[in-house]
Amino acid sequence: MSIEIAADTFSSAPPQSESDHAAASMRRLMLAFLVAGFSALLVGATIGPLQALNYGGVDAYPALRPLLQSYYQGLTIHGVMNGYVFTFFITCGLLVYLPARELGVTPNLTMWRACFAIMAVGALCVLYAMGDNSSSVLWTFYPPLKGSPFFYIGITLLALGSTMPLPILMDMRRTWRRHRPGEITPLVTYMSLTTMLMWGLAGVGVVAELVLQLDPWSLGLISTVDPIINRTLFWLTGHPIVYFWLMPAYVSWYGLLSRQVGGKLVSDPMARITFALLMIFSLPVGTHHQFSDPGFSSIWRGILVVLTMSVATPSLVTAFTIGLSLEYAGRLRGGKGWFGWFRALPWGDPSVAAQVLAAITFILGGATGIVNGSWQLNAIVHNTTFIPGHFHVTVGSVTAMTFMAISFWMVPHLTGRQLISRRLALFSVWVWFIGMTIFAIGMTWAGLYGVPRRAWVSALPHDTYHALYGAASVPLALVAIGGVLLWVASYSFFAVFFGTLLFGRHAAPPPIPFAQSFGGPASSTIDSPPNPARFASPLIRALDHIWLLTGITALATIAAYIPILWPFLHHVTRAPGWILW
Ligand code: HAS
Ligand code: CU
């Protein structure tokens, strides 16, 4: 049952009433999600540069034994800690906390705690399984590579736990609507809800893969699995997961950034359309990761290209909506001419700088994504370093930098402690931006020379490495340089994050910078004045029917997957497990 609290209340004094107590619990819990998430990033980001050095021809792994046995063990820990543990904890905190404060409603704290606990147990299981080198199966854990039961059960728990914000959000929205009948869902809550609905539906793929196949297989209850069916189920979730990384960052760009830069969101409806489209198109396109896999028709591959371009469209819309919102704020701040508005943005605020720089990297991330999604071009770049080049300027920049940006205001907001150093925070985001850009340019460029991804190239004899990859020596050197810069950036960030938690000076906590949209209300809490958006257009009203969106998404997904899975289910392969490391 939800409890109602006043919005934006903050008291550093001991809680007086039940609502103060609830607000304090919310803050503590949100902080726990942040700390868990960034601790995972600390592990993942520490290992990442070793992989960059690998491509630069430097093999650091022998020196790291017995801590790390191989490149593949390091790469698995890097991908899992950053891709699953870091992102899931931050998102499952944010997408409950922000809507709760926007609506002025307390979430079901027991369920939110359970979400944290289940994911924490899952993360520990996975960490154990990766730490003892029993499960160096990489983040995609493609069978027939076979890890320990701790790995698969841990991932199962992480996946299940990460869907728990969905019922919490539904419950809060129900409470809010009881007080404000006929009004449309406030924007941050709408964006959070569509994200979690998308993720709840998407999770079916990997949970089916794990519960029906990989968990019993790793426990010895079944002896073989079908690799292609499992890959397909993985990508049913594995593609939407990239939007589960992107959409929370968009929640901040649409829901907060325009306020942080001193302006307004230029279009609330465009934000809603973006999220609805991301929800619908994320699920049916998973098999664009399988353009090179055998077994499904070329007609479907063609349809997949169209669907993939459709899922890129809402991000193009975002580029214009966010770009214009930034321009509006820049002009309000006195920026003139073509680019003066850009310079006039508050670059001294590390939270703003991180998000705008992240958006700039996404131009490269989006362009490379469109290359990946074009079937013929995919044949050139698939399984080369081009692909990690692409995803480091998406999840490695947009998601990671936006989450860092959020922490810069949220840690002071939750703890009442000031950032220990804005300069160091700014330094960390600029170096992250420069390092990630250099790294990604190096990786995408090297990929065009055919340098394979996920390959321990530095372990090759010196002559062989040069004979094979000498032509790509310039881009591979960029990869290594980018990696080292990212080490500097991440440790500067962690110094700010953990330093603020421990040593930040006490000061008045900043409020949440909820953005106002043109024509939108200043506040949407249950006790604020009636919302003029109650007269929203028929399209926006239709988009507010989230069950309609859910139904369309489910139907589109079924329609896309039946023709692909059908032949696989009629030609089952039975593969025993392999341990290659
Ligand atoms: Fe992707 C592979 C296609 C987006 C992550 N992707 C991956 C993998 C990951 C990943 C992790 O079709 C590898 C998985 C593995 O291990 O094998 N991706 C796309 C497409 C998009 C896309 C079409 N990907 C993402 C996002 C990710 C992500 C987002 C993480 C968060 N991707 C693929 C395909 C593959 C793939 C294939 C398989 C490749 C293979 O063969 O293995 C699109 O959604 C991209 C649309 C984006 C845009 C950019 C909009 C720009 C914006 C910034 C504007 C700037 C502003 C600043 C406002 C169209 C919004 C103002 C400043 C001024 C200067 C004006
Ligand atoms: Cu994808």
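Donors are N, O and S atoms within 2.8 Å of the metal, and water is not among the atoms, so sites may look incomplete. The model shown is predicted.

**View 1. The copper ion (ligand 2) and its protein donors.** H239 coordinates the copper ion through ND1, while H288 and H289 each use NE2. These contacts run at 1.9 to 2.1 Å. Along the sequence, the donor residues follow the spacing H-x48-H-H. H239 and H289 bring together distant parts of the chain, 50 residues apart. H239 sits in the loop between α8 (227–238) and α9 (240–260). H289 sits in the loop between α10 (268–282) and α11 (298–332).

**View 2. Exposure of two copper donors, H239 and H289.** H239 has a relative accessible area of 3%. That value is under 20%, so H239 counts as buried. H289 has a relative accessible area of 23% and is partly exposed.

**View 3. The iron atom of ligand 1 beside the copper ion (ligand 2).** The two metals are 4.6 Å apart. H390 is the single protein donor to the iron atom. Its NE2 atom lies 2.2 Å away from the iron. H390 belongs to helix α15, which spans residues 386–392.

**View 4. T156 in helix α5.** The helix covers residues 149–162. T156 is buried, with a relative accessible area of 7%. Leaving aside neighbours within four places in sequence, T156 is in contact with L210, V211 and D215.

Conventions
Residues are numbered from 1 along each chain as its sequence is written. Chains are lettered from A and ligands numbered from 1 in the order in which they are written. This is a predicted model: local features need pLDDT of at least 70, side-chain atom pairs count only at pLDDT 80 or more; totals for chains, interfaces and linings use all residues. Side-chain values use heavy atoms; hydrogens and water are left out. Helices (H or I, at least four residues) and strands (E, at least two) are DSSP runs, numbered from the N terminus. Buried means under 20% relative accessible area, exposed over 50%, partly exposed in between (1.4 Å probe, protein chains only). Contact means heavy atoms within 4.5 Å. Donors are N, O and S atoms within 2.8 Å of the metal (3.2 Å for Na, K and Ca); water is not among the atoms, so sites may look incomplete.
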